[in-house]
Amino acid sequence: MTRTALTRGGTEYVPEFLMAIDPDKCIGCGRCYKVCGRGVMTLHGLTEDGDLVRPGTDEYEDVEDEIIKSVMTMVAPDLCIGCGACARVCPSDCQSHAAVD
């Protein structure tokens with residue numbers, strides 16, 4: 001049985017939750033981060049070796065010269081409410097969403 005939710009007006013809909021972000025497609029623009037009020041994702045640096053490091057940490061400072069680009073990552077996927085706002089603003093179609101049973 002698929003989960004359903006209600007709009008404020010009482011219309012039923014099926015939430016599609018953020019399941020993954022493809023780092024190869026993500027351009028690190030931050031649009032999804034700005035529209036998500038739930039803290040589901042945050043920006044990380046991607047190193048030449050494929051490691052993800054969070055800005056503002058000692059680890060980031062240690063490898064800062066090896067960062068090849070910034071990408072969005074999921075840090076609290078359980079907080080996603082399936083509203084789809086992040087998908088609507090993403091210019092690179094790097095996110096996967098799905099309904100959850």
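How many residues lie between S4 and S5 in their hairpin, and which glycine in the turn has a positive phi? There are four residues between the two strands, and glycine 50 is the one, with a phi of about 90°.

A quick word on the source: this is a predicted model, so local features need pLDDT of at least 70 and side-chain atom pairs pLDDT 80 or more, while totals for chains, interfaces and linings use all residues. Residues are numbered from 1 along each chain as its sequence is written, and side-chain values use heavy atoms, with hydrogens and water left out.

Six of the seven residues in S4 are buried (under 20% relative accessible area; exposed is over 50%, partly exposed in between, with a 1.4 Å probe and protein chains only). In the S6 pairing, methionine 41 sits across from methionine 74; on the S5 side, glycine 45 faces valine 53.

| Residue | Relative accessibility |
|---|---|
| Aspartate 93 | 57%, exposed |
| Aspartate 62 | 60%, exposed |

Aspartate 93 belongs to the loop between helix H3 (85-89) and strand S7 (95-98). Though not a glycine, aspartate 93 has a positive phi of about 50°. Aspartate 62, for its part, is in helix H2, residues 58-63.

Notes. Two strands pair if DSSP finds at least two bridges between them.
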